Amino acid sequence: MNISLKKKEKVPITTMPSLDEKCCYNNSLGCFFCIMKETNSSIRSNEIKNYFKKMHLIDEDQELVLVLSGLWTMAMSQPNDKELPSLGIFECMSSLINKGINQKSWLQKNQNIYIPYYASHIIGSYTMNNVEFAIKALDCGVLVPLLDLLRGKMTWVEQRVAIRAIGHLASYEKTFKSVAIYEEEIVKLAMNLASTCLEVVYKEFVGVKDLNMRLKYHCDLLTRGVGGLEMENSKAEEWASQLQCWSLHLLNCFAIKERCLNLICEQIFLKELSEMWGGLANDSSPGGVGLIRVLCYNKDGRRCIAESKDVIKNLCNLSRSSDDWQYMGIDCLLLLLADSGTRYKVLQVASMCLVDLIELRTLGGRSNVGNTITRTLLADFKQRKVKIKNIGVQQVLEEIWGLKVDRKKREQNMSDEKLEEKRVMVSLMKQEGNNSFWLGKIEEAMMKYSEALELCPLRFRKERIVLYSNRAQCKLLLGEANDAISDTTKALSLSSPTNSHAKSLWRRSQAYDMKGLAKESLMDCIMFVNCCFKMDYSSSSSSSSMKKSMRIPYHAVRMINKQMESTWLFKNAQLKTFVDLSEKTNQPHDVMRATRILLQKKGFIEGLSSISEEPQLIEKGEISRKNL
């Protein structure tokens with residue numbers, strides 16, 4: 001639909017005025033806010049019902065959008081209140097959406113352009129956690145107008161709230177059948193939105209160079225009428241991410257019921273799916289891996305996923321990262337390995353990744369994760385060894401067997417004196433390795449660390465963390481990024497809690513950067529900064545001293561700056577539109593602020609939200625030379 005760029009500045013878009021405020025917006029049906037103040041419940045109910053019944057007939061009321069905005073506020077704050085749903089709000093919203101889609105002249109009057117957005121949002125808010133309201137909404141005919149919005153009859157802004165509402169309707173057993181009448185079309189629309197929405201939002205909003213050409217009502221909805229360019233772009237990034245994630249949620253509703261898997265499991269879409277993530281703007285969503293994990297619970301889904309080398313590769317990268325959804329990547333690989341039909345298709349790639357995680361203890365609320373990985377990898381190692389033709393895989397499985405079975409048995413009966421003797425020898429060997437390192441004999445140092453690891457008993461986890469991490473530093477200097485990732489992952493798997501060894505995080509971040517894996521590098525670097533904050537926080541006796549002592553290493557800031565640009569949600573869309581990459585006006589630029597906000601959202605540091613000052617940087621000259 002061709003939406004006018006002009007907007008009459010009549011009434012600012014705000015939430016509904018308080019019922020205690022003296023306001024009266026009269027129209028042919030009276031003032032809605034006055035009706036809501038009516039103390040007699042019977043009279044109020046009758047008047048609200050009449051208002052909803054005839055609301056879509058109003059043509060000249062410039063304050064109508066305020067009523068919708070107020071209803072949305074009520075739906076968000078009181079989503080389980082039965083009053084308005086019982087009085088016809090769903091029929092009313094359905095009629096308003098239909099009118100906005102079908103009567104362009106009405107849509108362009110006053111501020112009616114906002115009405116389909118608010119009407120869809122109201123439906124989604126009431127049906128979000130209430131199956132009763134979802135049933136009622138479908139009975140009132142909300143699905144067809146929502147589908148029209150989903151089909152793109154207005155803009156991406158309306159698609160966002162429409163797919164949110166349809167996703168809620170599809171998530172209940174009692175309402176799924178009604179939605180599934182349109183299942184093939186809905187699934188195709190959701191797949192297309194998930195794949196293209198970032199490019200659309202960039203092309204139609206974020207990437208618009210002439211800011212006067214942006215749809216003004218989009219700007220108002222994004223910022224609620226207050227805020228400039230930076231806030232508009234930030235909210236547009238958040239909404240674009242939500243649009244993609246809500247599209248994936250809708251697909252999830254079908255996939256979990258094993259519907260339309262032939263469409264969802266198309267190879268091109270699976271590859272795109274494995275690269276979708278919530279981004280820094282929406283870190284609470286697992287993105288594409290959440291849907292991939294659902295598909296992995298289905299035999300046909302596993303078969304299709306196993307055929308995609310790109311998907312398996314991306315799952316392996318996720319499994320060896322400090323991303324919140326690391327455990328989902330591991331789950332997917334284990335499900336593929338547990339199925340005899342897909343095991344040997346993925347074993348070669350998956351084993352090279354999972355071998356680094358066999359000593360994990362807890363992750364994602366699960367315990368003994370490493371033991372589960374070990375059992376899955378060694379499931380038929382002794383019985384059906386002949387099936388494993390790849391020499392590299394055989395070596396990996398033999399390494400796992402030697403570490404987790406043979407060596408563990410040998411050390412079980414080892415005396416305390418013998419253990420202490422080994423500890424002393426390991427310490428001496430580590431020191432020899434350190435001395436060689438500082439003399440520039442990197443390969444010699446690496447050999448010393450390897451010898452120490454062979455000697456060090458498995459129970460000395462802290463010592464082994466340092467040895468793996470130091471060896472990784474040597475491999476980094478030798479340009480062996482893959483081996484550095486392997487060693488740092490082993491160190492981080494041994495750390496408690498998981499992924500909490502600062503030096504290993506920084507070294508793996510560098511290794512991922514060498515391989516061009518920006519997202520994985522960024523996640524590790526952010527976790528590294530978190531460790532720096534925690535060390536400063538634990539050494540500070542008060543909140544005020546914490547403000548003074550909190551520092552972010554200069555090299556980490558440079559890395560975060562680099563990777564935030566590389567992982568920007570609209571980066572691929574920007575490349576597709578051939579925009580001059582040297583022009584960064586619309587890209588996130590306040591790296592320090594963005595890092596701090598992300599740490600706050602993740603709840604990494606208690607009390608961080610009270611810090612008003614920006615963290616200080618450790619300049620190049622202040623970085624400690626003690627790397628080992």
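Lys-271 pairs up with Glu-275 in a salt bridge, and their closest N and O atoms sit 3.1 Å apart. Keep in mind that this is a predicted model. Neither end of the pair is hidden away: Lys-271 is partly exposed at 33% relative accessible area, and Glu-275 is partly exposed too, at 46%.

Side chains of opposite charge can pair when their charged atoms come close.

| Salt bridge | N to O distance |
|---|---|
| Lys-271 and Glu-275 | 3.1 Å |
| Arg-293 and Asp-331 | 2.9 Å |
| Asp-513 and Lys-562 | 2.9 Å |

Take the bridge between Arg-293 and Asp-331. Arg-293 belongs to helix α17 (residues 288-296) and Asp-331 to helix α20 (residues 326-338), so this pair ties together parts that are 38 residues apart in sequence. Are these two side chains buried or exposed? Arg-293 has a relative accessible area of 18%, so it counts as buried, the limit being under 20%. Asp-331 is buried as well, at 11%.

Next comes the bridge between Asp-513 and Lys-562. Asp-513 is part of helix α28 (residues 502-514) while Lys-562 is part of helix α31 (residues 554-566), so the link spans parts that are 49 residues apart in sequence. Asp-513 is partly exposed at 21% relative accessibility, and Lys-562 is partly exposed at 42%. Elsewhere, salt bridges with shared partners join Asp-148, Arg-151, Lys-153 and Glu-185 into one network.

Now for a lysine in helix α26 (residues 461-477), namely Lys-475. With 11% relative accessibility, Lys-475 counts as buried. What does its side chain meet in a polar contact of 3.0 Å? The partner is the side chain of Asp-487. Setting aside neighbours within four places in sequence, Lys-475 touches Met-446, Glu-480, Asp-483, Ala-484 and Asp-487.

Finally, a look at helix packing. Two packed helices are described by the angle between their axes and the distance between the axes. For helix α13 (residues 216-223) and helix α14 (residues 229-255), the axes come within 9 Å and cross at roughly 80 degrees. That angle falls in the 65 to 115 degree range, so α13 and α14 count as roughly perpendicular to each other. On the α13 side, the contact uses Cys-219, Leu-221, Leu-222 and Thr-223, which meet Met-231, Glu-232, Lys-235, Ala-236 and Trp-239 of α14. Sorted by class, the contact between α13 and α14 has six nonpolar, one polar and two charged residues.

Terms used:
Residues are numbered from 1 along each chain as its sequence is written. This is a predicted model: local features need pLDDT of at least 70, side-chain atom pairs count only at pLDDT 80 or more; totals for chains, interfaces and linings use all residues. Side-chain values use heavy atoms; hydrogens and water are left out. Helices (H or I, at least four residues) and strands (E, at least two) are DSSP runs, numbered from the N terminus. Buried means under 20% relative accessible area, exposed over 50%, partly exposed in between (1.4 Å probe, protein chains only). A polar contact is a pair of N or O atoms within 3.5 Å; within protein, one must be able to donate a hydrogen and the other to accept it, and residues adjacent in sequence count only if both atoms are side-chain atoms. Contact means heavy atoms within 4.5 Å. Axes are lines fitted to C-alpha atoms, for helices over the stretch in contact, and angles run from 0 to 180 degrees between N-to-C directions. Angles under 35 degrees count as roughly parallel, over 145 as roughly antiparallel, 65 to 115 as roughly perpendicular and the rest as oblique. Ala, Val, Leu, Ile, Met, Phe, Trp, Tyr, Cys and Pro count as nonpolar, Asp, Glu, Lys and Arg as charged, and the others, Gly among them, as polar. A salt bridge is a side-chain nitrogen of Lys or Arg within 4 Å of a carboxyl oxygen of Asp or Glu.
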